[in-house]
Amino acid sequence: MWWYADLIEVRSRRVWAHSKNRFGVRHRIEDHLLGTAKLAGLFASPFGLGELAWWTGLVHDGGKCWQAWQDKLLLVEPTNGRVGLDHKSFGVQLARRHGLLPVEGLSNERLCLTFGGDRR
């Protein structure tokens, strides 16, 4: 799979999805992305969108792998501050680059919201 080599490279360094939790443990990016992909696929499968949701979950926070984002995460972590750097556009760009097309009935705008949206 085309994304596997990138995931192996991420595993060779410490890349975080979130700052330390109340137990002092950070969430590794590969655990976060693969876990989100699995859950998204399961939730969307009854609607026939399991594969799209899986891929969306896999790439949704990919921009957090950028060194600038990682540096800022560690900088703001002691204050529980926000990183404040874009990490969402990467997933949208990756989807377009690999020809992920909208599902019938979903507009391009809605697909971009799927990839670029975030709960914050």
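pLDDT is the predictor's confidence in each residue, on a scale from 0 to 100. The views below show a predicted model.

**View 1. Confidence along the chain.** The chain has a mean pLDDT of 79, and 72% of its residues reach 70 or more. Helix H2, residues 29–44, has the highest confidence, with a mean of 94. Confidence is lowest in helix H6, residues 108–116, where the mean is 49.

**View 2. The length of helix H2.**

View 3. The buried residues of H2 are Ile29, Glu30, His32, Leu33, Ala37, Gly41 and Ala44. They lie on the same side of H2, because the arc they cover around the axis is only 165 degrees. Lys38, Leu42 and Phe43 are on the other side of H2 and are exposed.

View 4. Glu51 belongs to helix H3, which covers residues 50–59. Is Glu51 buried or exposed? Its relative accessible area is 61%, and exposed means over 50%, so Glu51 is exposed. Lys38, on H2, is exposed too. Between Glu51 and Lys38 there are 9.7 Å in space, from C-alpha to C-alpha, and the two are 13 residues apart in sequence.

**View 5. The aromatic pair Trp54 and Trp55.** A search of the whole structure finds two aromatic pairs. One of them is formed by Trp54 and Trp55, with 4.9 Å from centre to centre. The planes of Trp54 and Trp55 are at 85 degrees, and the pair is edge-to-face. Trp54 has a relative accessible area of 26% and is partly exposed.

**View 6. The aromatic pair Trp66 and Phe90.** The ring centres of Trp66 and Phe90 are 6.0 Å apart. Their planes stand at 85 degrees; edge-to-face requires over 60, so this pair is edge-to-face. Which parts of the chain does the pair link? Trp66 is in the loop between H3 and helix H4 (67–76), while Phe90 is in helix H5, residues 89–97. These are distant parts of the chain, with the two residues 24 residues apart. Trp66 is partly exposed, at a relative accessible area of 39%. Phe90 is also partly exposed, at 28%.

Notes:
Residues are numbered from 1 along each chain as its sequence is written. This is a predicted model: local features need pLDDT of at least 70, side-chain atom pairs count only at pLDDT 80 or more; totals for chains, interfaces and linings use all residues. Side-chain values use heavy atoms; hydrogens and water are left out. Helices (H or I, at least four residues) and strands (E, at least two) are DSSP runs, numbered from the N terminus. Buried means under 20% relative accessible area, exposed over 50%, partly exposed in between (1.4 Å probe, protein chains only). Rings of Phe, Tyr and Trp (its six-membered ring) pair if their centres lie within 6.5 Å; planes under 30 degrees apart count as stacked, over 60 as edge-to-face and the rest as tilted. The arc is that of the directions from the helix axis to the C-beta atoms.
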